[in-house]
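Here's a quick tour of one model, with an eye on its sheet and its ligand surroundings. Have a look at it first.

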Amino acid sequence: PAKLSIDYAAALNPQQLAAVTAGDGPSLVIAGAGSGKTRTLIYRVAYLIDSGVDPSNILLLTFTRKSAQEMLERAGELIGARSRRVCGGTFHSVANLLLRRYGRGIGIEPGFTILDRGDAEDLIALCRAQLGLNEKDKRFPRKGTIMEMVSKSENTLKSLDEIILEEFSHFADHAEDLGRLQKAYQAAKRQKQLLDYDDLLVALRQLLLLDETARQTISSQYRYILVDEYQDTNRLQAEVIRQLTTAHNNVMVVGDDSQSIYAFRGATFKNIMDFPVLFPGTKIYKLEENYRSTQPILNLANCIIDEAAEKYTKRLFTRKIDGPLPALVEAAGENAQSRFIAQKILELREEGVPLSEVAVLFRSSFHSFDLEIELSRRGLPFVKRGGVKFIETAHVKDLLAHLRVLANPMDTVSWHRVLMLVEGVGPKKAQDLLAALVKSDKPSDVLRGASGRSGQGLKNLADTLESLSGAGEVRPAEQVNHIYEYYLPILKEQYDDYPKRTRDLDHLHTIAEGYPKVSDFLADLALEPPDGSAIDVDAPDRDDERLVLSTIHSAKGLEWQCVFVIWVVDGKFPSVYSFITDDELEEERRLFYVSVTRAKRHLFLTYPINVYDKTSGMLLSKPSRFLDHVSSDLLDTLALVEEGGRGDWGRDSY
Ligand code: ATP
Ligand code: MG
């Protein structure tokens, strides 16, 4: 065997080492939070390269593209720059890459457009109108709900009828119409070369199933497949992996069933238990030592997950015996909660905990609004993850729609958006123009031919688009610039907060400068937008001078010295909506487990009391039910004492 350049046994415990140096064939690493699953994959990448595997034969699939990048950087520190040739990304980004390269075989042109969730819903509405379906029926599901059904059906490989029966039985009367609508939606996408997120995976699976040559080529290209966070994959993704590995069967997946939190996307923790069934001969590795958190934090985490109805992974132990008890903090109201956190962060900073080692986590993006104001007031810079994405903001979508019609003139969803922005164009006019546009191969002629109130606006649009089409491809940054000039008056007309929005568009221009090709620029933005660019507050140059505010979903796999989990009040966490079914409540419990296991040393669970919840009409006043069975010696309970409205607090004895 080749001489290895790293001392693997020194960096890994025996179970991790066994997984890292495993031979060919399928392997599953199943273990609790902070036990080194991700670290194991990083060392596995290094080990494979070290033992002579060509880096370009390795495919690393992760939950976000950022985590793939970070993992490959870490592998690079171990093994050198060769790790850069490893292909890493999300299922969706890899599907995008492979479909642009090999999709022709199943009728997908390399220039296809990726529809984000909002675009997809708009197309559903468009199809519904075209079919004239139940136009006046108020009990027909809304476009968002329809999208959810369609998406569930794709991701679970079940028929739409089955999904309706299982989860949307109150719409059973409409099953037939919904079936027609689903077909129309699919036909519209195929015809116009539009793919929504689910299609990327569905189409990749089809390509691998139907195009023997492509499958052979792809499967022998990626001879080693590694997957992180496997508990959040769905049936479709599992199938894709199976197809990808037909030529070699070399696949290693790692995950923790207790951290499965994406059921709403069709993921199920059962998938991880099915892995050995799908891949006979799977070797299973379990990791038991937690390297992240102190014993007091782990005690709480174990206690929360012990109550779970179903779980497979075991209890964890740590050698970090000492540390402060997790604190449970009662605040008189939301603002008291915010003030406590801001003040605590300042104190911790005095004690030497840098802002980059602090995170505030919450269930829903809007839970942090009050805190955001408080932090800004105190000059504490933060970056926010999750929630409304930059790319989903209306003005960014507006501008990009122009680039998209240039790249794919068949993209009727973007055309619709572009046309509706023109002064004097209403829904009727837009429909007429769309009908003419799909038939013509010179869009600018159609636009120029229009008469009436919108004539001048449409002529301007035609001029702008024409200046960017033509010989050779204009670089993305230049396209953004051009469209920006055209769009600015529209922006000012539409939004009174336009100065803020123009800054976002400047930011978009900066991003575009990093791309030589428009298709790559558009695909990357649609797949995974750059970190919450629109909501960075006082961003200093260096990332490490900011704390992180994040939804728990976006905090997966990450760790900080100090973690605050806010709104740990019954009715918000778990949310009142999750009281409905046991499955949903269990999912919230796992979400809670994920949040507390992000902390290395300091953990604060805070909850405001006497908050009135408008939707449910409930007065929220007790801490999360997930803490009901936690014995009181595992927590340090504090109640804030309000003094003259200032955020002082004292110890209480409840
Ligand atoms: P999660 O379930 O949250 O994704 P994980 O199982 O992927 O967690 P890692 O993030 O890989 O865990 O590891 C948690 C922390 O423990 C990291 O800081 C990692 O570097 C450290 N760690 C893991 N294994 C070891 C080890 N053998 N020696 C030293 N540190 C380790
Ligand atoms: Mg991990």
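This is a predicted model: local features need pLDDT of at least 70, side-chain atom pairs count only at pLDDT 80 or more; totals for chains, interfaces and linings use all residues.

Six strands make up an open, parallel sheet, and their order is β3-β2-β6-β7-β1-β8. The edges belong to β3 (87–89) and β8 (283–287); each has a single partner strand, so one side of each has no neighbour in the sheet. On average, neighbouring strands are turned by 10° against each other, direction ignored.

At the β8 end, strand β1 (residues 27–31) runs parallel to β8 and is joined to it by five bridges, and S27 sits opposite K283 in β8.

**Around ligand 1**

There are 18 residues around ligand 1, and the ones that come nearest are G36, K37, T38, R39 and Y291. Helix α3 (residues 37–50) supplies the largest share of this shell, three residues. By type, the shell splits into four nonpolar, nine polar and five charged residues.

An unreviewed UniProt entry annotates A31, G32, A33, G34, S35, G36, K37 and T38 as "binding site". Two of these, S35 and G36, sit in the loop between β1 and α3. Here's how they compare:

| Residue | Burial | Other C-beta atoms within 10 Å | Contacts beyond four places in sequence |
|---|---|---|---|
| S35 | buried | 28 | L287, E288, E289, N290, L316 |
| G36 | buried | 23 | Q16, L287, Y291 |

Notes. Residues are numbered from 1 along each chain as its sequence is written. Chains are lettered from A and ligands numbered from 1 in the order in which they are written. Two strands pair if DSSP finds at least two bridges between them. Helices (H or I, at least four residues) and strands (E, at least two) are DSSP runs, numbered from the N terminus. Axes are lines fitted to C-alpha atoms, for helices over the stretch in contact, and angles run from 0 to 180 degrees between N-to-C directions. A residue is near a molecule or strand if its C-beta atom, placed from the backbone, lies within 6 Å of it. Ala, Val, Leu, Ile, Met, Phe, Trp, Tyr, Cys and Pro count as nonpolar, Asp, Glu, Lys and Arg as charged, and the others, Gly among them, as polar. UniProt positions are given in the numbering used here, feature names are shortened, and annotations may be inferred rather than shown by experiment. A residue is buried if 20 or more other C-beta atoms lie within 10 Å of its own, exposed if 12 or fewer, and partly exposed in between; C-beta atoms are placed from the backbone. Two residues are in contact if their C-beta atoms, placed from the backbone, lie within 7 Å.
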